[in-house]
Amino acid sequence: FQLEHLHTLVALVEEGTFEAAAQRLRLTASAVSQRIKAMEQAAGQVLIQRVNPVIPTAAGDIVLRHARQVQLLEGDVATELGAGLQPGGRTSLPLAVNADCLGTWFLDALAAVPAESGAVFDIYREDQEHTTSLLRSGTVMAAVTSTAEAVQGCSSARLGTMRYRAVASPRFVDAWLGGVAGTAGLGTAGLDTAGLGTAPMVNFDRRDDLQHRFLRGIGGRATDVPRHHIPTSADFARAVVLGLGWGLLPEQQCLTELGDGRLVELAPGHPIDVVLYWQRWNIASRLLDQVTDAVGRVAAASLHP
Ligand code: ARG
């Protein structure tokens, strides 16, 4: 594939429409379309589904991944030549991360990447159990994931453990759990497991099974409980503090509130641990190395080992 064609494919997928890609590349939409057709002819397969926004086909994903790798390496060379900060000289880094990491420590890592790198970040929010499919498809170059096993063409390194605690507001505990949860020394013995199986629960989205995992772990079961779905990390935490329901919060989002009494821990000594890994494309890229270093450092400071 020709270099310009690879750039065109990336622009098309990132922008979503032929018109927007044309604008970004300062071409006409029909020139963009011709380049994509030329690539499809070379590949002997359809690469792009013409819907709004466009979606790469399985073959398109393969070429897209190749295109992004080429761009990444070109960006490295440009930076080394001192051209990294020229307009248009920026390298876009698509990364996948789960909401709770994004909402707690991940931005600190991005902020620690040297500004001279000329990187712009393109973040995909996805559940930690599903970020690897974005890696596999070539949509992102690196991902925070709970999957240890390296995706083909990637390397995997352990970042640490995100510790979640089951918490609720004191008023919620009084109303639904007989006010005994978290009382010093009671542990789960004092927890009204049956009450918890009927009390309103806060879930992040339909993929969030942390609350159910916790319930199973303490021998409870949620039969027909009211479930809130609050799909942003900080708002999820706020919903729990405000007493909408109980839920599992990362320590980063509940230790202060547990300290000042705005939250009560339902079962002290029964955290849910989520071990996280950083998987990245296995190519020698200085920029990707810099991001990997920063992510590793900030994760080590913010997570349990
Ligand atoms: N796994 C999802 C994410 O971080 C949601 C996590 C659910 N959070 C929670 N506190 N229960 O993107």
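Predicted model: local features only at pLDDT ≥ 70, side-chain atom pairs only at ≥ 80, totals over all residues.
Two strands count as paired here if DSSP finds at least two bridges between them. Strand β5 (residues 142-145) pairs with β11 in the antiparallel sense, over four bridges. One spot to look at is T145, whose bridge partner in β11 is Y277. Strand β6 (residues 154-168) also runs antiparallel to β11, and ten bridges join the two. Here C154 has W281 of β11 as its bridge partner. As for β11 itself (residues 272-281), the strand is mostly covered, with seven of its ten residues buried.

On to the helices. The axes of α2 (residues 18-25) and α3 (residues 29-43) come within 8 Å and cross at roughly 100 degrees. Since angles of 65 to 115 degrees count as roughly perpendicular, that makes α2 roughly perpendicular to α3. On the α2 side the contact takes in F18, E19, A21, A22 and L25, and these meet A29, A31, V32 and S33 in α3. Sorted by class, this contact has seven nonpolar residues, one polar and one charged.

Then there is the ligand. Around it sit N98, A99, D100, D127, Q128, F204, D208, L210, F236, G247, L248 and L249. The elements giving two or more residues to this shell are α5 (99-111) and β9 (247-250). Strand β9 supplies the largest share, three residues. By class, the shell around the ligand splits into six nonpolar, three polar and three charged residues.

How values were computed:
Residues numbered from 1 in each chain as written. Axes fitted to C-alpha atoms, helices over the stretch in contact; angles between N-to-C directions. Parallel < 35°, antiparallel > 145°, perpendicular 65-115°, else oblique. Contact = placed C-beta atoms within 7 Å. Nonpolar A, V, L, I, M, F, W, Y, C, P; charged D, E, K, R; others polar. Near = placed C-beta within 6 Å. Buried ≥ 20, exposed ≤ 12 C-beta atoms within 10 Å, placed from the backbone.
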